[in-house]
Amino acid sequence: MFEPSSEPVIITCAITGNKTTREMNPDLPLTPKEQGIAASEAVAAGASIIHLHVRESNGAECHTLERFAEAVGEIRSRAPEAIIEVSTRAAAGEGIDYRGNCLELRTEMCSLNVGSINIGNEVFLNSPPDVRKLAARIYELGIEPELDCFDLGHLESLVELRKRGILRDPLRALLVLGINGGITADPGNLVHMVSRLPPGAHWSAVGIGRFQLTVAVQALIMGGNVRVGLEDTAYFRRGEVARSNAQLVERVVRLARELGREAATPAQARDILQLNVRRRSSAVAGPTEA
Ligand code: ZN
């Protein structure tokens with residue numbers, strides 16, 4: 001029987017991303033210093049995880065270790081309590097080593113895309129060998145992956161990768177709905193995705209574009225966690241550009257409170273997601289891919 005959740009909600013703020021531009025939102029943080037400020041405002045508003053892409057100063061997508069180091073340094077100095085999750089997404093033509101550069105910073109979390117998909121006119125390529133190789137490197141460095149699922153097939157892959165020991169419990173899935181080419185943000189789809197997760201998996205949901213709010217509210221009701229931020233939409237509501245990442249976080253905090261849930265602090269998020277378990281005990285080593 002359904003029981004309304006009173007668990008703290010872990011809010012991730014995706015402050016920059018790789019697609020949103022300054023033309024779409026003039027407050028998009030691009031430089032490491034701007035990202036540090038945006039992260040600290042988001043954490044003050046109630047976010048506990050900062051999902052991070054980095055950019056060149058002209059706004060172009062970038063995956064260099066140097067740029068990630070600058071941004072992570074700014075976030076660590078301005079919001080030391082934040083859990084930082086670096087993005088290992090692939091850009092066109094980039095190899096596995098380049099996209100995994102950011103892992104060398106050994107942040108607590110990173111994203112890992114478990115499958116390929118068409119996004120708009122592009123192919124977002126995550127080949128099985130690349131996924132296995134990245135997963136092995138992530139665990140080797142003591143980082144915990146958030147597993148990005150843009151479609152039901154990705155969820156099935158996640159279950160299979162867990163069965164083969166390539167992904168290790170506790171799993172933390174990000175369910176992405178409403179991207180052009182992925183699963184739509186129909187409420188029934190989120191219900192079905194959650195029903196396909198392995199037992200004990202943590203999950204967070206994000207709606208892309210105009211679905212950010214509806215997916216967030218549904219996830220709150222279903223007892224899940226929520227991601228918001230300018231990576232996923234430039235807007236606060238239809239026709240109104242968001243003032244900041246913090247503004248998007250603040251709205252989720254208000255809605256959560258009305259629904260009987262408080263925003264998790266970063267310390268609570270670490271406990272709930274068991275982020276320190278593997279770091280504390282190097283003896284807990286799962287099987288790895290040959
Ligand atoms: Zn991202």
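This is a predicted model: local features need pLDDT of at least 70, side-chain atom pairs count only at pLDDT 80 or more; totals for chains, interfaces and linings use all residues.

Me: Which protein atoms are the donors of the zinc ion?
Reply: H51 and H53 each give NE2, and E231 is listed for two OE donors. They lie 2.0 to 2.7 Å from the zinc ion.

Me: How are the donor residues spaced in sequence?
Reply: The spacing is H-x1-H-x177-E. H51 is in strand β2 (residues 49–52), while E231 is in the loop between β12 (225–228) and β13 (235–237). H51 and E231 are 180 residues apart, so the pair links distant parts of the chain.

Me: Does E231 count as buried or exposed?
Reply: Buried, because its relative accessibility is 15% and the cut-off is under 20%. H51 also counts as buried, at 2%.

Me: Switching to helix α5. What span should it have?
Reply: Helix α5 (residues 152–163) has 12 residues, which at 1.5 Å a residue should span 16 Å. The end C-alpha atoms of α5 are 17 Å apart, which agrees.

Me: Which residues of α5 are buried?
Reply: H154, L155, L158 and L161. Seen down the axis of α5, these buried residues fall within an arc of 120 degrees, so they line one face of the helix.

Me: What do the buried residues of α5 pack against?
Reply: Their partners are β7 (117–119), α4 (128–140), β9 (144–149), β10 (172–177) and α6 (187–195).

Me: And what comes just after α5?
Reply: G165 takes a positive phi there, of about 80 degrees.

Notes:
Residues are numbered from 1 along each chain as its sequence is written. Side-chain values use heavy atoms; hydrogens and water are left out. Helices (H or I, at least four residues) and strands (E, at least two) are DSSP runs, numbered from the N terminus. The expected span of a helix is 1.5 Å times one less than its number of residues. Buried means under 20% relative accessible area, exposed over 50%, partly exposed in between (1.4 Å probe, protein chains only). The arc is that of the directions from the helix axis to the C-beta atoms. Contact means heavy atoms within 4.5 Å. Donors are N, O and S atoms within 2.8 Å of the metal (3.2 Å for Na, K and Ca); water is not among the atoms, so sites may look incomplete.
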